[in-house]
Every structure is written in structure tokens, then in C-alpha cells.
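Take the model below one step at a time.

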Amino acid sequence: MFKELQEFYDTASLEMDEAIDFLKREFNHIRAGKATPSLLDGIKVDYYGTLSPLNQVANISAPEARLLVIQPWDKGIIPAVEKAIHTSNLGLNPSNDGNLIRIPLPILSEERRQELVKVARDVAEKAKISIRNSRRDANDNVKKAVKDLSLPEDSRFDAESEIQELTDKHIQKIDEMLEQKEHEILSI
């Protein structure tokens, strides 16, 4: 591949890797049975007028397989933490004793598992769309560069072929991650 076209491949590769990272983060939010503190990643708490990530205002632990315990560093924000958890649409019901917030995780029904599988598939599809968009942008840039720099037409086909291989590799990775997450959700 011509070095003039290599930068488009490298940019597409970075963007596709970011889509995979996005998928990993989103899959962490999808509950698959066992309590993990990462389930609450992304929840922001109104901490004296500033939206702060929950893990920056409290300790989060999972002492049991179906229990999360949140210990805010400032007891005054317990109501704000509870409100943030309620509005997060994770289907969790926190309770507090004045010092700690306990979140028991109910056993997932078959219906809820199917809903979670559907959510996982939707997130995976968004990641695939992002990867396809990166491929399209890279191919458009390659075509433009070949034309503007008067490079041989074969170099365009070679670059597009390499970009397609990169795309296929990332799409396959997403499919594998989705299959693993579905298995994790359904085998609870």
C-alpha cells in the first residue's frame, strides 16, 4: 500500500478499535446475573450541583453474587445516589440504612433475559454500523487521494481490499463478543 494511503487505513483501524471498546463498555452495563460494580458504571450523581460518576463519590462493592453495596463518602448524598440509580433504567431497587445503600439483584426471568439479549444485539449493531461508517470514510478518502495524487488505480483496489479485511476482522470480533454475552445472559 502506498504510504499516502496508509494513513487512511490507520485512521480506520483506530476508529474500529474505538467501536470495539465502546461495545465492551456497553456490555459491562448489561447485567448477566452476577453482581459487579461495573454494572453501575455510567451512573452520574448530582453531587452539590455537579454531575459526578458514582464511582467517584462512593465505594462500590459486591460482597455477594446478588448484592451490590454502595458506601458514599458523604452521607448527605445518599438520596441523590438512590435517585440516580432509580432513573438509570437498570431495573434496580436500592435501599439505604443511613450509611450504606444495598442493591439486591433479583433473579432474572426468562422474559427479562430475552430483553437483555435484544439490548445486547442492538448495541452490537450500533458498533457494526460505526465500523462500516469508518470503512466508508476510509474508502472515500482513498478514492479521493488516488485521484488527487494521480496514483495507480490498482493502489486504490489494494487499499480498499486491506480496509475490507480490517472491517471483516472487527465485525467478526463483535459477533464473537455478542455470542459470548448472549451465552452469559441466557445461562444464568
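Start at Ala84. Setting aside neighbours within four places in sequence, Ala84 touches Ile43, Lys44 and Val45. The model is a predicted one. Ala84 sits in helix H2, which covers residues 78–86. Its relative accessibility is 10%, and the cut-off for buried is under 20%. Ala84 therefore counts as buried. Leu54 gives another reference point: 30 residues separate Leu54 from Ala84 in sequence, and their C-alpha atoms are 8.8 Å apart in space.

Now step back to the whole chain. The protein chain has four helices and six strands. Read from the N terminus, the order of elements is α-β-β-β-β-α-β-β-α-α. How does the radius of gyration compare with the globule rule? The radius is 22 Å, well over the 16 Å that the rule gives for 188 residues, so the chain is more spread out than a compact globule. The C-alpha trace spans about 70 × 40 × 20 Å along its principal axes.

Of the 188 residues, 38% are buried. Among contacts with a separation of 6 or more, 65% join residues 24 or more positions apart. The accessible surface is about 10900 Å², and carbon and sulfur atoms hold 48% of that area.

Next come the helix pairs. Two packed helices are described by the angle between their axes and the distance between the axes. Begin with helix H1 (residues 3–29) and H3. Their axes come within 9 Å and cross at roughly 170°. Angles over 145 degrees count as roughly antiparallel, so that label applies to H1 and H3. The contact of H1 with H3 involves 18 nonpolar, three polar and four charged residues.

Helix H3 (residues 110–148) also packs on helix H4 (residues 153–186). The angle is about 170°, and the axes are 10 Å apart. H3 and H4 are therefore roughly antiparallel to each other. In this contact, the residues divide into 16 nonpolar, six polar and 12 charged.

That leaves H1 with H4. Do these helices run parallel or antiparallel? Their axes come within 10 Å and cross at roughly 10°. Angles under 35 degrees count as roughly parallel, so H1 and H4 are roughly parallel to each other. From H1, the residues in contact include Leu5, Tyr9, Met16, Ile20, Leu23 and Phe27. From H4, they include Ala159, Ile163, Leu166, Ile174, Met177 and Leu178. Charged residues take part too, among them Asp17 and Lys24 in H1, and Glu162, Lys173 and Lys181 in H4. The contact of H1 with H4 divides into 13 nonpolar, four polar and five charged residues.

Finish with two residues of H4. Glu160 is found in this helix. Is Glu160 buried or exposed? Its relative accessible area is 15%, so Glu160 is buried. Beyond its neighbours within four places in sequence, Glu160 is in contact with Asn139 and Lys143. Asp158 is also placed in helix H4. Its relative accessibility is 46%, so Asp158 counts as partly exposed. Asp158 and Ala124 lie 34 residues apart in sequence, with 28 Å between their C-alpha atoms.

Terms used
Residues are numbered from 1 along each chain as its sequence is written. This is a predicted model: local features need pLDDT of at least 70, side-chain atom pairs count only at pLDDT 80 or more; totals for chains, interfaces and linings use all residues. Side-chain values use heavy atoms; hydrogens and water are left out. Axes are lines fitted to C-alpha atoms, for helices over the stretch in contact, and angles run from 0 to 180 degrees between N-to-C directions. Angles under 35 degrees count as roughly parallel, over 145 as roughly antiparallel, 65 to 115 as roughly perpendicular and the rest as oblique. Buried means under 20% relative accessible area, exposed over 50%, partly exposed in between (1.4 Å probe, protein chains only). Contact means heavy atoms within 4.5 Å. The radius of gyration is taken over C-alpha atoms; the globule rule is 2.2 Å times the number of residues to the power 0.38. Accessible areas come from the Shrake-Rupley method with a 1.4 Å probe; for residues, only the protein chains shown count as cover.
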